[in-house]
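Here is a short report for a first look at this structure.

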Amino acid sequence: MKVEPITNAKDIKSIKKLLADQPRNRLLFILGINAGLRVQDLLNLRVGDIKHAKVGDRVVLREKKTQKENVFMINKDIKDALEDYLKTVDAKDEHFLFKSRKGSNAPLTTYAVTMYVQQWCDAINLPGNYGAHTLRKTWCYHQRKTYGTSWEVIAKRLNHSSPSITRRYIGVKEEEVEEILMKSI
């Protein structure tokens, strides 16, 4: 099933508020929409990979799907959510950051994240198809539409091998094409 990004900033704010008393899930949501990584790469993070990071620090990881090295930056929202979460758990450096309740040190599954994202969107009455990949698509959408980041820069960040993958991924809609055709030069 193809999933959508969360396009409205009010909806993002509503989900953050909904998760205020769920520090792990709040961190998962905030990290997911701010890092632009695949969920499987977020789920592979260990506490020690990130716990001492400060705002502005780079965190380097190896992508599970491509085996390419990738980075993400710690911004203020990520740092604040991380600190809130770490206050609530007795996490060792080798523990997965997003531990499942199953097993002593197993990460959440992508399926579990899909269920969470669907529940969060349902809870705020957001119509549409949402899942684990919504987090990465939300990052892409807001980089392009809110911040005006070029698709070439987004493609580089996403580690896509071809521009066509990125163009399909960021979902340029027909209305956007028609809108630019109305501009006089």
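## Salt bridges

R26, D84 and K87 are linked in a network of salt bridges. A salt bridge here is a side-chain nitrogen of Lys or Arg within 4 Å of a carboxyl oxygen of Asp or Glu. The model is predicted: local features need pLDDT of at least 70, side-chain atom pairs count only at pLDDT 80 or more, and totals for chains, interfaces and linings use all residues. Residues are numbered from 1 along each chain as its sequence is written, and side-chain values use heavy atoms, with hydrogens and water left out.

The structure holds eight salt bridges. One of them joins D84 and K87, with the closest N and O atoms 3.9 Å apart. D84 is partly exposed at 35% relative accessible area, while K87 is exposed at 67%. (Buried means under 20% relative accessible area, exposed over 50%, partly exposed in between, with a 1.4 Å probe and protein chains only.)

## Two more pairs

R38 and E63 form a salt bridge through their side chains (3.3 Å, N to O). R38 sits in the loop between helix 2 and helix 3, and E63 in the loop between strand 1 and strand 2, so the pair ties together parts 25 residues apart in sequence. Helices (H or I, at least four residues) and strands (E, at least two) are DSSP runs, numbered from the N terminus. R38 is buried at 9%. E63 is buried too, at 0%.

K79 and E83 also pair (3.7 Å, N to O). They lie four residues apart in helix 5, about one helical turn. K79 is buried at 14%, but E83 is partly exposed at 38%.

## The largest pocket

The largest pocket has a volume of about 470 Å³. Of its 20 lining residues, the closest to the centre are I33, N34, N75, W139 and Q143. (On a 1 Å grid over the protein atoms alone, a pocket is an open set of points where a 1.4 Å probe fits, with protein on both sides within 12 Å along at least five of seven lines; lining residues have an atom within 4 Å of a point. The volume is the space filled by probe spheres set on the points, which are joined across faces, edges and corners.)

Helix 7 gives the largest share of the lining, four residues.

## A buried cysteine

C121 lies in helix 6 (residues 110-123). C121 is buried, at 0% relative accessibility. C121 and I15 are 106 residues apart in sequence, yet 7.4 Å apart in space, C-alpha to C-alpha.
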